[in-house]
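Here is a quick tour for someone meeting this structure for the first time. Have a look at it, then read on.

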Amino acid sequence: DQKVKPVTLAREVVAFFIGGAGDSESYYFDGPSNYTLRAMEALEGRLGGKYGDKFQPYYMGYNDAKGDSDLEEFVFSRLPHKSAHVYIVGHSLGGWNGAHLSQILTDKGYIVKMLVTLDPVGEGVGVALISDIYWSEPTPKAETWINVRAEPAEMDRTDFVAWLGGKWDIESGPDVMGIVRFHHYSARILYETKLECGQSALDLSAESIAGYLGAGQ
(Lines give C-alpha, C1' and ligand atoms only; values in the text may rest on other atoms or scores of the structure.)
Protein backbone atom coordinates (compact mmCIF):
# COMPACT_ATOMS: atom_id res chain seq x y z
CA ASP A 1 0.00 0.00 0.00
CA GLN A 2 1.80 3.10 -1.27
CA LYS A 3 -0.79 5.62 -0.14
CA VAL A 4 0.40 8.46 2.10
CA LYS A 5 -0.94 7.98 5.60
CA PRO A 6 -1.10 10.62 8.38
CA VAL A 7 0.89 9.83 11.50
CA THR A 8 0.17 11.44 14.86
CA LEU A 9 3.27 11.80 17.04
CA ALA A 10 3.04 12.03 20.80
CA ARG A 11 3.67 15.41 22.39
CA GLU A 12 7.17 15.29 23.83
CA VAL A 13 9.56 17.84 25.32
CA VAL A 14 13.33 17.54 25.52
CA ALA A 15 15.23 20.05 27.65
CA PHE A 16 18.99 20.50 27.47
CA PHE A 17 20.66 22.18 30.45
CA ILE A 18 24.16 23.18 29.38
CA GLY A 19 26.63 24.10 32.09
CA GLY A 20 29.55 26.48 31.91
CA ALA A 21 33.22 26.02 32.72
CA GLY A 22 33.76 23.65 35.64
CA ASP A 23 30.07 22.76 35.85
CA SER A 24 29.67 19.15 34.78
CA GLU A 25 33.40 18.38 34.86
CA SER A 26 36.63 19.96 36.03
CA TYR A 27 37.89 22.99 34.11
CA TYR A 28 41.61 23.57 34.72
CA PHE A 29 41.32 22.09 38.22
CA ASP A 30 38.15 24.03 39.06
CA GLY A 31 34.92 22.10 39.65
CA PRO A 32 32.75 20.27 38.97
CA SER A 33 30.18 22.53 40.59
CA ASN A 34 26.91 21.18 39.09
CA TYR A 35 25.36 24.67 39.20
CA THR A 36 23.30 24.09 36.06
CA LEU A 37 22.17 20.70 37.32
CA ARG A 38 20.53 22.61 40.22
CA ALA A 39 18.66 24.72 37.67
CA MET A 40 17.43 21.58 35.91
CA GLU A 41 16.26 20.17 39.24
CA ALA A 42 14.30 23.38 39.84
CA LEU A 43 12.36 22.85 36.60
CA GLU A 44 11.80 19.17 37.38
CA GLY A 45 10.48 20.13 40.80
CA ARG A 46 8.14 22.71 39.33
CA LEU A 47 6.67 20.23 36.85
CA GLY A 48 6.34 17.65 39.62
CA GLY A 49 6.94 14.58 37.50
CA LYS A 50 3.36 14.69 36.22
CA TYR A 51 4.29 14.25 32.55
CA GLY A 52 6.39 11.10 32.89
CA ASP A 53 8.43 10.19 29.83
CA LYS A 54 6.87 13.03 27.83
CA PHE A 55 9.35 15.39 29.50
CA GLN A 56 13.01 14.41 29.20
CA PRO A 57 15.61 16.76 30.74
CA TYR A 58 19.34 16.29 30.12
CA TYR A 59 22.31 17.88 31.88
CA MET A 60 25.49 18.36 29.87
CA GLY A 61 28.73 20.32 29.70
CA TYR A 62 29.32 23.24 27.38
CA ASN A 63 31.85 21.18 25.41
CA ASP A 64 29.18 18.51 24.79
CA ALA A 65 27.26 21.02 22.66
CA LYS A 66 29.99 21.48 20.05
CA GLY A 67 31.47 19.12 17.48
CA ASP A 68 29.77 16.56 15.26
CA SER A 69 30.47 13.52 17.43
CA ASP A 70 29.42 15.24 20.66
CA LEU A 71 26.26 16.64 19.10
CA GLU A 72 25.34 13.18 17.85
CA GLU A 73 25.96 11.59 21.27
CA PHE A 74 24.53 14.25 23.58
CA VAL A 75 21.89 15.97 21.45
CA PHE A 76 20.59 14.23 18.33
CA SER A 77 20.47 10.76 19.89
CA ARG A 78 18.19 12.17 22.60
CA LEU A 79 15.66 13.74 20.25
CA PRO A 80 12.85 11.28 19.52
CA HIS A 81 11.56 13.05 16.40
CA LYS A 82 11.51 16.49 14.82
CA SER A 83 8.08 17.28 16.22
CA ALA A 84 9.42 17.19 19.80
CA HIS A 85 9.64 20.60 21.45
CA VAL A 86 13.19 21.51 22.44
CA TYR A 87 14.15 23.78 25.35
CA ILE A 88 17.74 24.92 25.81
CA VAL A 89 18.99 26.46 29.05
CA GLY A 90 22.65 27.44 28.97
CA HIS A 91 24.78 29.10 31.64
CA SER A 92 28.03 31.01 31.04
CA LEU A 93 29.99 29.21 28.26
CA GLY A 94 26.99 26.89 28.04
CA GLY A 95 24.82 29.89 27.16
CA TRP A 96 27.16 30.77 24.30
CA ASN A 97 27.31 27.22 22.91
CA GLY A 98 23.60 26.72 23.65
CA ALA A 99 22.73 29.75 21.54
CA HIS A 100 24.71 28.21 18.67
CA LEU A 101 22.90 24.91 19.27
CA SER A 102 19.54 26.65 18.89
CA GLN A 103 20.54 27.73 15.40
CA ILE A 104 21.92 24.30 14.46
CA LEU A 105 18.74 22.52 15.55
CA THR A 106 16.40 25.02 13.93
CA ASP A 107 18.31 24.87 10.64
CA LYS A 108 17.93 21.08 10.71
CA GLY A 109 14.16 21.34 11.11
CA TYR A 110 13.78 20.84 14.87
CA ILE A 111 11.41 22.95 16.94
CA VAL A 112 13.34 25.05 19.45
CA LYS A 113 10.54 26.43 21.59
CA MET A 114 12.70 28.29 24.07
CA LEU A 115 16.30 29.33 24.54
CA VAL A 116 17.37 30.61 27.96
CA THR A 117 20.84 32.14 28.21
CA LEU A 118 21.99 32.71 31.79
CA ASP A 119 24.79 35.31 31.90
CA PRO A 120 26.38 33.92 28.72
CA VAL A 121 30.15 34.20 28.23
CA GLY A 122 32.29 33.66 25.12
CA GLU A 123 33.28 36.93 23.46
CA GLY A 124 36.84 36.91 24.82
CA VAL A 125 39.60 35.67 22.53
CA GLY A 126 41.50 34.27 25.51
CA VAL A 127 38.67 32.03 26.68
CA ALA A 128 38.08 30.82 23.11
CA LEU A 129 41.72 29.73 22.90
CA ILE A 130 41.48 27.49 25.96
CA SER A 131 37.82 26.38 25.77
CA ASP A 132 35.81 24.27 23.34
CA ILE A 133 33.45 27.04 22.23
CA TYR A 134 32.42 28.49 18.89
CA TRP A 135 34.56 31.41 17.73
CA SER A 136 31.76 33.36 16.03
CA GLU A 137 29.05 35.23 17.89
CA PRO A 138 25.85 33.15 18.01
CA THR A 139 22.79 33.90 15.92
CA PRO A 140 20.11 32.30 18.11
CA LYS A 141 17.00 30.79 16.55
CA ALA A 142 14.15 29.96 18.92
CA GLU A 143 10.48 30.79 19.18
CA THR A 144 11.24 32.52 22.49
CA TRP A 145 14.65 33.71 23.68
CA ILE A 146 15.16 34.76 27.29
CA ASN A 147 18.44 36.33 28.38
CA VAL A 148 19.34 36.87 32.03
CA ARG A 149 22.34 39.02 32.91
CA ALA A 150 24.07 38.93 36.31
CA GLU A 151 25.01 42.35 37.65
CA PRO A 152 25.75 42.12 41.39
CA ALA A 153 26.44 45.17 43.53
CA GLU A 154 29.92 43.81 44.24
CA MET A 155 31.80 41.31 42.08
CA ASP A 156 33.03 38.00 43.44
CA ARG A 157 35.59 35.66 41.88
CA THR A 158 33.10 34.13 39.45
CA ASP A 159 31.96 37.55 38.21
CA PHE A 160 35.57 38.54 37.61
CA VAL A 161 36.28 35.29 35.72
CA ALA A 162 33.14 35.81 33.60
CA TRP A 163 34.25 39.36 32.83
CA LEU A 164 37.70 38.13 31.80
CA GLY A 165 36.11 35.47 29.61
CA GLY A 166 34.10 38.08 27.74
CA LYS A 167 30.51 38.31 28.88
CA TRP A 168 28.24 38.40 25.86
CA ASP A 169 26.92 41.95 25.73
CA ILE A 170 23.48 41.43 24.18
CA GLU A 171 21.75 44.65 23.20
CA SER A 172 18.86 43.26 21.14
CA GLY A 173 17.33 39.98 20.03
CA PRO A 174 15.85 38.31 23.12
CA ASP A 175 12.09 38.37 23.61
CA VAL A 176 12.66 38.74 27.36
CA MET A 177 15.70 40.39 28.91
CA GLY A 178 16.38 40.81 32.60
CA ILE A 179 19.07 41.79 35.06
CA VAL A 180 19.56 39.83 38.28
CA ARG A 181 21.49 41.46 41.12
CA PHE A 182 23.32 38.26 41.96
CA HIS A 183 26.63 36.69 41.15
CA HIS A 184 27.52 34.89 37.94
CA TYR A 185 28.04 31.44 39.41
CA SER A 186 24.55 30.35 40.48
CA ALA A 187 22.63 29.20 37.42
CA ARG A 188 19.68 28.24 39.60
CA ILE A 189 19.30 31.69 41.16
CA LEU A 190 19.60 33.38 37.76
CA TYR A 191 17.00 30.94 36.41
CA GLU A 192 14.44 31.33 39.20
CA THR A 193 14.70 35.05 40.06
CA LYS A 194 11.80 37.12 38.76
CA LEU A 195 12.64 39.52 35.95
CA GLU A 196 11.18 42.88 35.03
CA CYS A 197 8.29 41.11 33.27
CA GLY A 198 7.15 39.76 36.64
CA GLN A 199 8.13 36.14 35.92
CA SER A 200 11.38 34.24 36.09
CA ALA A 201 12.93 32.22 33.28
CA LEU A 202 11.90 29.17 35.31
CA ASP A 203 8.30 30.41 35.46
CA LEU A 204 8.21 30.97 31.71
CA SER A 205 9.82 27.60 30.93
CA ALA A 206 7.51 25.60 33.18
CA GLU A 207 4.43 27.47 31.98
CA SER A 208 5.29 26.80 28.34
CA ILE A 209 6.03 23.10 28.89
CA ALA A 210 2.95 22.50 31.06
CA GLY A 211 0.74 24.30 28.55
CA TYR A 212 1.96 22.10 25.72
CA LEU A 213 2.07 18.73 27.45
CA GLY A 214 -1.07 19.37 29.46
CA ALA A 215 -3.01 20.12 26.31
CA GLY A 216 -2.07 16.69 25.01
CA GLN A 217 -3.51 14.78 27.94
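## Rings and charges

How many aromatic pairs does the rule count here? The count comes to 10 aromatic pairs, where rings of Phe, Tyr and Trp (its six-membered ring) pair if their centres lie within 6.5 Å, with planes under 30 degrees apart called stacked, over 60 edge-to-face and the rest tilted. One aromatic cluster is made up of Tyr27, Tyr28 and Tyr62.

Some charges sit over rings too (NZ of Lys or CZ of Arg within 6 Å of the ring centre and within 35 degrees of the ring normal). Lys66 has its charged end over the ring of Tyr134, 5.6 Å from the centre, and Lys82 does this with Tyr110 at 5.4 Å.

## Helix H1

Helix H1 covers residues 35-47; helices (H or I, at least four residues) and strands (E, at least two) are DSSP runs, numbered from the N terminus. Its buried residues (under 20% relative accessible area; exposed is over 50%, partly exposed in between, with a 1.4 Å probe and protein chains only) include Leu37, Met40 and Leu47. Just after H1, Gly48 takes a positive phi of about 70 degrees.

## Around Ser92

Ser92 is in the loop between strand S3 (85-91) and helix H3 (93-107). Ser92 counts as buried because its relative accessibility is 8%. Leaving out residues up to four places away in sequence, Ser92 touches (heavy atoms within 4.5 Å) Gly20, Leu118, Asp119, Pro120, Val121 and His184.

## About the model

This is a predicted model: local features need pLDDT of at least 70 and side-chain atom pairs pLDDT 80 or more, while totals for chains, interfaces and linings use all residues. Residues are numbered from 1 along each chain as its sequence is written, and side-chain values use heavy atoms, without hydrogens and water.

Technical notes
Expected span 1.5 Å × (residues − 1).
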